[in-house]
Amino acid sequence: MEVDMSILETLQPSRFLSFAIPNPDPTLNPSLASPLIRIAVLDSPIQPSSPLIPSVAAMIVPKHRESDWIFTTESGHLQLLLSSPNIQRLILIGQEQQPIINGSSSSSIYRRWIDPDSLNNLEISLKPLVIALSPKIYFRNVNLEVPFLCYEDNIVCSLVLEKCIGNFVGEMLVEDVEIEVSDQSREFRRRLRFKRMPNLVQTEIRIVPNKVSCLDSVDIGSNSIEFSPDLGLLVHVYLVPMVASLALIGSCIEKHVESGLRSKALCLGVGGGALVGFLKTQLDFEVVGVEVDEEVLRVARKYFGLEDGDLVQVHVGDGMEFMDQLAHGDVVGNIVPQFDVIMVDLDSDDPRNGVSAPPIEFFRRDVLLAARSVLRESGIFVINVIPRSRSYYEKLIHEFREVFPELYEINVGNVENFVLIAAKALPCSSSSSDSENKFLTKLRLAISGAYMDSINRIGDASN
């Protein structure tokens with residue numbers, strides 16, 4: 001693709017260009033050793049508040065991550081730009097992806113590569129190119145320096161296991177990764193990611209190598225080592241506080257169990273099934289899961305340990321429609337719509353607005369009334385919330401207050417997520433202490449007590 005470089009002399013909000021050019025020096029650095037390099041230029045959709053000289057930055061794509069959607073898609077590029085405050089243009093430079101020949105796999109093992117001296121030499125060699133890709137106004141004050149940003153995450157190495165396409169979510173991939181941990185131990189994870197939201201990990205579980213006595217010998221990508229899912233541990237940052245919300249109704253659940261009733265959960269948004277599997281294996285729940293994309297469920301069963309059975313029923317469909325069917329008495333399988341908890345883990349499917357959850361449809365009164373009607377009197381409605389803004393979160397709370405008299409929240413502590421908990425009634429009291437409550441004891445052991453004492457009430461419904 002030939003590019004008229006003059007169009008890059010000015011900023012144009014949301015403009016995205018991607019093209020390949022000859023490598024100015026393929027012998028200089030192993031991270032850009034191909035004859036062609038791929039350039040992507042994105043101008044911020046956010047206009048600066050004052051006509052100051054715009055901020056420009058460049059970033060070199062890590063070697064063997066050239067095909068990662070974080071770097072190859074406009075939505076991934078946008079999230080990189082938005083995570084760099086006050087940057088109006090971000091220039092990505094990486095090795096051109098090599099074509100697949102004779103059906104060979106395009107997957108390669110990524111291993112973190114850090115060589116400060118070589119990286120500095122590479123940045124120096126790319127300086128003229130980066131200057132040429134910057135808007136003219138940037139050099140108004142004879143500034144000829146464009147900073148290079150360093151992409152950082154906790155991945156030590158990674159390997160894509162499968163790429164596939166779902167009818168609803170589109171392209172997705174499963175990858176095994178080794179992540180960096182602070183205590184010098186080794187930690188392996190399996191992840192599910194969607195191309196439409198490339199910077200967001202949809203599902204993440206811990207995996208453990210089979211028949212290995214020493215982790216020092218474990219290598220991702222080795223044909224001699226297989227990994228198994230560990231369903232006894234929740235590693236996704238917001239899932240633990242979602243499960244911790246059950247502490248609110250621990251006394252009620254204990255009474256139901258003592259009377260011979262099994263605890264029941266409805267999970268809207270199954271993904272890889274980490275939450276479904278944990279509720280079943282660690283807390284003895286009967287779980288009904290609803291997932292809109294059948295291909296996602298195939299992946300969950302193959303790679304993430306999701307198992308259908310007596311205590312787990314998984315249905316393909318829209319979660320809100322499924323809940324509405326139950327609320328209106330429509331027969332769905334043999335499900336009795338009396339749940340102790342409904343857990344919602346659904347994000348918006350519009351990447352233009354960035355990562356947000358839940359979908360705006362959950363603001364609708366009919367959806368909230370349907371949720372209320374399929375809960376037991378002591379039941380709770382638990383939602384993972386990633387608000388687009390404070391006003392978005394406040395509107396969500398306002399709409400919930402119209403239907404549920406009791407609202408609680410847990411601040412996950414990662415800036416992004418909140419867990420919103422809506423209850424039909426005040427939590428039931430118990431004459432026994434927490435230490436005598438078998439369910440609360442089990443819950444505390446399952447999640448190491450995390451967040452159980454961090455559930456905060458949100459005002460009164462009358463306020």
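A salt bridge here is a side-chain nitrogen of Lys or Arg within 4 Å of a carboxyl oxygen of Asp or Glu. The model is predicted: local features need pLDDT of at least 70, side-chain atom pairs count only at pLDDT 80 or more, and totals for chains, interfaces and linings use all residues. Residues are numbered from 1 along each chain as its sequence is written, and side-chain values use heavy atoms, with hydrogens and water left out.

**View 1. The salt bridge between D68 and R193.** D68 pairs with R193 in a salt bridge. Their closest N and O atoms are 2.7 Å apart. Across the interface of domain 1 and domain 2, the rule finds one salt bridge. The polar contact count between these domains is one residue pair, both at pLDDT 80 or more. A polar contact is a pair of N or O atoms within 3.5 Å; within protein, one must be able to donate a hydrogen and the other to accept it, and residues adjacent in sequence count only if both atoms are side-chain atoms.

**View 2. The side of domain 1 that touches domain 2.** α1 (69–72) and α2 (74–82) each supply at least two residues of this side. Helices (H or I, at least four residues) and strands (E, at least two) are DSSP runs, numbered from the N terminus. α2 gives the most, with four residues. By type, the side divides into three nonpolar, five polar and one charged residue. Ala, Val, Leu, Ile, Met, Phe, Trp, Tyr, Cys and Pro count as nonpolar, Asp, Glu, Lys and Arg as charged, and the others, Gly among them, as polar.

View 3. The protein chain is assigned domain 1 (5–102 + 113–152), domain 2 (156–233) and domain 3 (235–457). These bounds come from an automatic or database domain assignment. The C-alpha centres of domain 1 and domain 2 lie 28 Å apart. Nine residues of domain 1 are in contact with 10 residues of domain 2, contact meaning heavy atoms within 4.5 Å. About 740 Å² is buried between the two domains, and carbon and sulfur atoms give 62% of that area. In domain 1, W69, I70 and S75 lose the most area to domain 2, together 68% of what that side buries. Buried area is the accessible area (1.4 Å probe) that two parts lose on being put together, summed over both.

**View 4. The loop between β3 and α1.** H64 lies in the loop between β3 (55–60) and α1. H64 is not a glycine, yet its phi is positive, about 70°. R65 forms a salt bridge with D153, with the closest N and O atoms 2.8 Å apart. R65 sits in the loop between β3 and α1 and D153 in the loop between β6 and β7 (155–166), so the pair ties together parts that are 88 residues apart in sequence. The structure holds 31 salt bridges.

**View 5. The open sheet of six strands.** The strand order is β5-β7-β8-β9-β10-β11, with antiparallel pairing. Two strands pair if DSSP finds at least two bridges between them. β5 (110–111) and β11 (227–230) are the edge strands, each pairing on one side only. β9 (residues 187–194) and β10 (residues 201–209) pair in the antiparallel sense over five bridges. L192 has T203 of β10 as its bridge partner.

**View 6. The open sheet of five strands.** Here the order is β1-β2-β4-β3-β6, and the pairing is mixed. β1 (16–22) and β6 (148–149) stand at the edges with a single partner strand each, so one side of each is left without a neighbour in the sheet. Seven bridges join β1 to β2 (residues 36–43), and these strands run antiparallel. L17 has V41 of β2 as its bridge partner.

**View 7. The cis peptide bond at P358.** The bond from A357 to P358 is cis, with omega near -5°. P358 lies in the loop between β15 (339–344) and α9 (365–373).
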